[in-house]
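Open the structure in your viewer and keep the sequence alongside. The tour goes from one selection to the next.

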Amino acid sequence: TEELTIREKMHNFLMDPHYCKAAMLWAFCDMVAIVLSVVLLVAESVPEAAPYFKATQQYPDKYYYYVLYGLEILINGFFTLDFTLKLISWPKPYLFLKNVLNFLDLLAILPFYIELIAMATSE
């Protein structure tokens with residue numbers, strides 16, 4: 001049998017949780033990140049919880065804002081890494097976004113970076 005290239009191994013790792021134990025762990029972390037992301041998104045939209053997601057000059061010691069924002073950065077970093085590794089390892093990268101799930105992954109991470117750019121340019 002033919003030995004797989006590193007790119008093929010990475011693709012199998014990312015796309016098949018049964019490829020190895022580490023792939024199963026990666027898929028589990030991906031699911032946890034998705035659930036946490038949805039919980040944070042819903043919590044941020046609840047009026048009573050919204051102040052916890054905003055930094056203000058009035059309350060500079062609101063450590064929970066930094067914890068929540070740090071968690072958002074960590075989750076989006078994981079999603080970005082996953083997206084980038086899938087793009088790099090995709091058999092035909094020019095067809096990558098034709099896969100609906102990959103396109104949805106891109107749509108999921110774009111708002112975070114658009115917000116960062118908007119914050120950086122508004123200051």
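Is D105 buried, partly exposed or exposed? D105 counts as partly exposed, at 27% relative accessibility. Keep D105 selected; the tour returns to it below.

First, colour the chain by confidence. This is a predicted model, and the protein chain averages a pLDDT of 90, with 93% of the residues scoring at least 70. Confidence is highest in helix α1 (residues 6-15), at 96, and lowest in helix α3 (residues 63-89), at a mean of 91.

Next, select residues 21-45, which form helix α2. Its 25 residues reach 37 Å from the first C-alpha to the last, close to the 36 Å expected. Now show the side chains of A23, W26, D30, A33 and L40, the buried residues of α2. Their cover includes α1 and α3.

Then turn to the salt bridges; a search of the whole structure finds three. Select E3 and K9: the closest N and O atoms of this salt bridge are 3.1 Å apart. E3 counts as exposed, at 59% relative accessibility, while K9 is partly exposed at 35%.

Move to K86 and D82, where the closest N and O atoms of the salt bridge are 3.2 Å apart. K86 and D82 lie four residues apart in helix α3, so about one helical turn separates them. K86 is buried, with a relative accessible area of 10%, and D82 is buried too, at 4%.

The side chains of K86 and D105 meet in a salt bridge of 3.6 Å, N to O. This pair links distant parts of the chain, with K86 in helix α3 and D105 in helix α4 (residues 100-122), 19 residues apart. With D82, K86 and D105 selected together, you have a network of salt bridges on screen.

How values were computed. Residues numbered from 1 in each chain as written. Predicted model: local features only at pLDDT ≥ 70, side-chain atom pairs only at ≥ 80, totals over all residues. Heavy atoms only, no water. pLDDT = per-residue confidence, 0-100. Helix = DSSP H or I, 4+ residues; strand = E, 2+ residues; numbered from the N terminus. Expected span 1.5 Å × (residues − 1). Buried < 20%, exposed > 50% of the residue type's maximum accessible area, 1.4 Å probe, protein only. Contact = heavy atoms within 4.5 Å. Salt bridge = Lys/Arg side-chain N within 4 Å of Asp/Glu carboxyl O.
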